[in-house]
Amino acid sequence: MNVGVQETTYRAEGGTNLSAVTNIGLGIALDANGRAVLAGAAGADFVGGLMDGGRAAGEPVRVAYGGIVRAIAGGALNEGDFLTTEAGGRFVQATVADTYCGKCVQRGGAADLDVFDMLLVHGVGSTAAAP
């Protein structure tokens with residue numbers, strides 16, 4: 001379910017192939033040239049969630065930065081968990097030191113590799129400062 005989504009468009013980085021439909025729902029960061037790449041660990045460079053697949057390197061991709069979106073879990077999650085990204089762009093439970101990217105709003109939580117509902121929260125500091 002995508003609800004109240006705010007999105008923008010970036011170009012996929014030259015060496016990054018975001019063409020697989022299975023990439024939809026992964027976290028996205030920007031490289032030094034402002035091009036979309038998969039987000040790294042701890043959410044430090046996170047800009048949003050990938051909204052569409054089927055895009056090769058250099059092509060435009062839609063990236064959500066606000067609202068409730070479908071995301072891919074990188075481990076077991078519970079409803080209400082604050083989330084960050086892992087090295088492959090999947091979403092995992094954040095620790096106090098991580099920059100968090102959102103909150104799991106999936107009723108009943110999610111298991112590893114599940115597609116789940118996530119409330120995107122763009123550019124927020126550590127979970128220690130979470131509301």
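**View 1. The chain as a whole.** Read from its start to its end, the chain of this predicted model follows the pattern β-β-β-β-β-β-β-β-β, and its secondary structure amounts to nine strands and zero helices. The chain has 131 residues, of which 43% count as buried, and it exposes about 6000 Å², with carbon and sulfur atoms supplying 51% of that area. Among the contacts between residues at least 6 apart in sequence, 60% join residues that are at least 24 apart.

**View 2. Strand 4 and its two partners.** Strand 4, which covers residues 46-50, is mostly covered, since five of its five residues are buried. Strand 2 (residues 27-30) runs antiparallel to strand 4 and is joined to it by three bridges, and within this pairing Ala29 stands opposite Phe46 of strand 4. Strand 4 is also joined to strand 5 (residues 60-72), again in an antiparallel arrangement, here through two bridges; in this second pairing, Gly49 has Ala64 of strand 5 as its bridge partner.

**View 3. The nonpolar cores.** The largest nonpolar core is made up of 15 residues, and those with the most contacts inside it are Leu77, Leu83, Phe91, Phe116, Met118 and Leu120. Strand 5 and strand 9 (115-120) are the elements that give two or more residues to this core. A second, separate core contains eight residues, among them Ala12, Leu18, Leu50 and Val61.

**View 4. The surroundings of Leu120 and Val69.** When residues up to four places away in sequence are not counted, Leu120 touches Phe46, Gly49, Ala64, Tyr65, Gly66, Gly67, Val69, Cys101 and Gly102. One of these neighbours, Val69, has its place in strand 5. Val69 has a relative accessible area of 3%, and it counts as buried because that value lies under 20%. Val69 and Phe116 are 47 residues apart in sequence, while their C-alpha atoms are 8.2 Å apart in space.

**View 5. The salt bridge between Arg70 and Asp117.** Side chains of opposite charge can pair when their charged atoms come close. The side chains of Arg70 and Asp117 meet in a salt bridge, with a distance of 2.7 Å from N to O. Arg70 belongs to strand 5 and Asp117 to strand 9, so this pair ties together parts of the chain that are 47 residues apart in sequence.

View 6. In one of them, the side chains of Asp52 and Arg62 meet at 3.4 Å, N to O, and the pair links distant parts of the chain, with Asp52 in the loop between strand 4 and strand 5, and Arg62, 10 residues apart from it, in strand 5. Asp52 is buried, with a relative accessible area of 10%, while Arg62, at 32% relative accessibility, counts as partly exposed. Both residues also take part, together with Glu7, in a network of salt bridges. Elsewhere, the side chains of Arg90 and Glu86 meet in a salt bridge with a distance of 2.6 Å from N to O.

Conventions:
Residues numbered from 1 in each chain as written. Predicted model: local features only at pLDDT ≥ 70, side-chain atom pairs only at ≥ 80, totals over all residues. Heavy atoms only, no water. Helix = DSSP H or I, 4+ residues; strand = E, 2+ residues; numbered from the N terminus. Buried < 20%, exposed > 50% of the residue type's maximum accessible area, 1.4 Å probe, protein only. Contact = heavy atoms within 4.5 Å. Areas by Shrake-Rupley, 256 points an atom, 1.4 Å probe, with all protein chains shown as cover. Pairing = 2+ DSSP bridges. Core = buried A, V, L, I, M, F, W, Y, C linked by side-chain atoms within 4.5 Å. Salt bridge = Lys/Arg side-chain N within 4 Å of Asp/Glu carboxyl O.
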